[in-house]
Structures are given as C-alpha cells and as structure tokens.
Amino acid sequence: MNCQFCFTGRMGLRKHLSTAEIVEQAVFARKLFSDEFDTITNVVFMGMGEPLHNVDNVIKASSIMVDEQGLQFSPRKVTVSTSGLVPEIKRFLNESNCDLAVSLNATTDEVRDWIMPINRRYNLSMLLGTLREELRLRPKSIVLFEYVMLSGVNDSVDDAKRLTELVHGIPCKINLISFNPHSGSQFKPTPDENIIEFRNMLIQSGLTVMVRLSRGDDQMAACGQLGEPGDYQLPLLRVPEKFQVAL
C-alpha cells in the first residue's frame with residue numbers, strides 16, 4: 001500500500017495468507033499464551049499488510065473465528081482493519097458480522113493522497129460516504145477510525161475541526177496513535193501534550209476518543225514498525241511543498 005509513515009507498508013506485496021494460515025495464528029497464540037495470560041478474547045487483522053487485499057480468505061477466516069463450531073470468539077471482539085479499499089469494505093460489511101477499523105490518518109485529500117496513496121483511487125468523500133451509507137444497514141455497528149499523529153502534518157487545530165466534520169453521521173470511535181519512528185522515516189511524532197489537546201477537542205465535539213499508547217518500540221515491534229524490507233522498498237513519494245518544513 002506504500003503508506004509513507006509505515007515501515008510495513010513500504011515492503012511491497014510478498015504473498016497472501018491462506019484461510020488456514022490466518023486461523024492457525026489464532027489457534028497457536030491461544031496455545032502459546034492462554035496459560036500465562038488467561039484466555040485470549042480479541043483478534044485484530046492489522047499490523048502486517050492490507051487485510052482487504054485478501055478479502056476472500058479474511059472473510060472466511062474471521063467467520064471460522066466467530067463460529068460456535070470454530071474458535072468461538074465474539075464478533076464484537078474480532079476487528080478487521082483497512083486502509084480504505086471501498087469495494088471490499090462494502091463486501092465485508094455485507095458478508096461479515098465482525099467489526100471494521102479504517103486507517104484514516106488525514107483530514108484532506110491533499111495530505112491523504114501523499115501519505116496514503118490508496119486515497120488517489122478511493123478519496124475521503126468516497127470512503128466516508130460508503131461507510132455512512134453501509135452502516136445505516138447495520139444499526140448496531142460502529143467503525144473504529146485509526147489516526148496516526150504526525151507532527152506538523154495532520155495534528156493541527158484545523159485538523160481536529162475537520163475530523164469532527166468528516167465523521168459526522170458515522171457511528172464511530174476515534175483511536176489516536178502515536179507515530180513510531182523507524183529507519184528511513186521522514187516523520188516526527190506529535191508531542192504527547194499535543195495529542196491530549198487534539199483528543200480533548202474531539203471529545204468536546206461529542207466524539208468517543210481513545211489514545212493508543214506505544215508498545216514494542218524498543219524492539220521495532222510497535223505499530224507501523226513491523227517488517228523486513230530486504231533489498232527492495234517502495235519509493236518515497238514527493239512531499240507537498242507546504243509540509244517540507246515540518247519534516
């Protein structure tokens with residue numbers, strides 16, 4: 001997907017996992033960790049690759065995970081994340097009863113075109129309009145919007161105001177994520193106090209907001225740091241002129 005802030009996203013596509021390989025991860029994790037950490041109750045499809053690029057196997061795997069004769073997870077405890085593949089989002093929301101998370105990360109097409117190239121195909125209006133329309137048919141569902149905070153890029157007061165307007169009418173929660181630096185990264189993390197200020201502005205607008213604390217950064221295993229790019233990495237994209245100073 002070549003998201004510019006994500007070490008994993010610049011690896012390029014290596015392969016798709018089969019349904020069995022996906023389910024096996026959950027089975028193996030249960031065997032490995034349940035004795036030490038109690039029963040595993042939550043599953044997230046995120047962190048390595050774009051789940052909805054592999055939509056057939058992801059829908060099958062998630063259905064096995066929530067089936068009474070499968071792994072018996074609650075559908076509300078299984079979340080599939082996407083960078084915004086609109087046709088696959090429609091299919092997922094119609095065929096799966098699991099939860100959806102969307103990596104938003106920008107409040108204008110200019111910024112999202114740059115940091116998330118998928119936006120050039122499915123822009124903010126198309127993405128958010130689809131979610132607004134489809135979630136009307138799933139009255140008990142909400143979408144989790146993930147928002148990586150990038151200093152000087154998407155963390156201004158105006159961004160907070162625009163974000164409130166963009167998600168209006170969509171049942172949702174906002175998850176603010178501190179950026180985790182990595183090799184070759186152009187970006188800087190938003191200071192903690194600015195994240196809290198941004199969060200408070202969203203809360204004052206009536207939104208439900210969480211802040212995800214960074215974990216695993218010391219092992220290059222935090223959000224956006226997973227991967228082994230090897231000899232080939234997707235190219236960095238041109239930085240819009242007005243953001244060059246921020247970087």
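Where is Phe179 found? Phe179 sits in the loop between strand E5 (172–178) and helix H7 (192–204); helices here are DSSP runs of H or I with at least four residues, strands are runs of E with at least two, and both are numbered from the N terminus. The model is a predicted one, so local features need pLDDT of at least 70 and side-chain atom pairs count only at pLDDT 80 or more, while totals for chains, interfaces and linings use all residues. Residues are numbered from 1 along each chain as its sequence is written, and side-chain values use heavy atoms, with hydrogens and water left out.

Phe179 is buried, at a relative accessible area of 4%; buried means under 20%, exposed over 50%, and partly exposed in between, with a 1.4 Å probe and protein chains only. Not counting residues up to four places away in sequence, Phe179 touches Phe5, Val148, Met149, Leu150, Ser185, Phe187, Lys188 and Pro189, where contact means heavy atoms within 4.5 Å. Leu150 and Phe179 are 29 residues apart in sequence, yet their C-alpha atoms are 6.3 Å apart in space. Gln186 lies in the loop between E5 and H7 as well, and with a relative accessible area of 19% Gln186 is buried. Leaving aside neighbours within four places in sequence, the contacts of Gln186 are Gln4, Leu236, Val239 and Leu247.

Next, the core. The largest nonpolar core has 65 residues, and those with the most contacts inside it are Phe5, Leu131, Phe145 and Ile174. Such a core is a set of buried Ala, Val, Leu, Ile, Met, Phe, Trp, Tyr and Cys residues joined through side-chain atoms within 4.5 Å. H2 gives the most to this core, with 6 residues. In soluble globular proteins, nonpolar side chains tend to be buried together.

H2 also packs against other helices. Helix H1 (residues 19–37) and helix H2 (residues 55–66) pack at about 40°, with axes 8 Å apart; axes are lines fitted to C-alpha atoms, for helices over the stretch in contact, and angles run from 0 to 180 degrees between N-to-C directions. That makes H1 oblique to H2, given that angles under 35 degrees count as roughly parallel, over 145 as roughly antiparallel, 65 to 115 as roughly perpendicular and the rest as oblique. On the H1 side, Thr19, Ile22, Val23 and Ala26 make the contact, and on the H2 side Asn57, Val58, Lys60, Ala61, Ile64 and Met65 do. By class, that is 7 nonpolar, 2 polar and 1 charged residues (Ala, Val, Leu, Ile, Met, Phe, Trp, Tyr, Cys and Pro count as nonpolar, Asp, Glu, Lys and Arg as charged, and the others, Gly among them, as polar).

As for H2 and helix H3 (residues 86–95), their axes come within 11 Å and cross at roughly 20°. That makes H2 roughly parallel to H3. Val55, Asp56 and Ile59 of H2 meet Glu88, Arg91, Phe92 and Glu95 of H3, a contact with 3 nonpolar, no polar and 4 charged residues. Helix H3 also holds Pro87, which counts as partly exposed at 42% relative accessibility.

Asn2, in the segment before H1, has a positive phi of about 60° although it is not a glycine, and Asn2 is buried at 9% relative accessible area. Gln72, in the loop between H2 and strand E2 (78–82), has a positive phi near 65°, and Gln72 counts as exposed at 58%.
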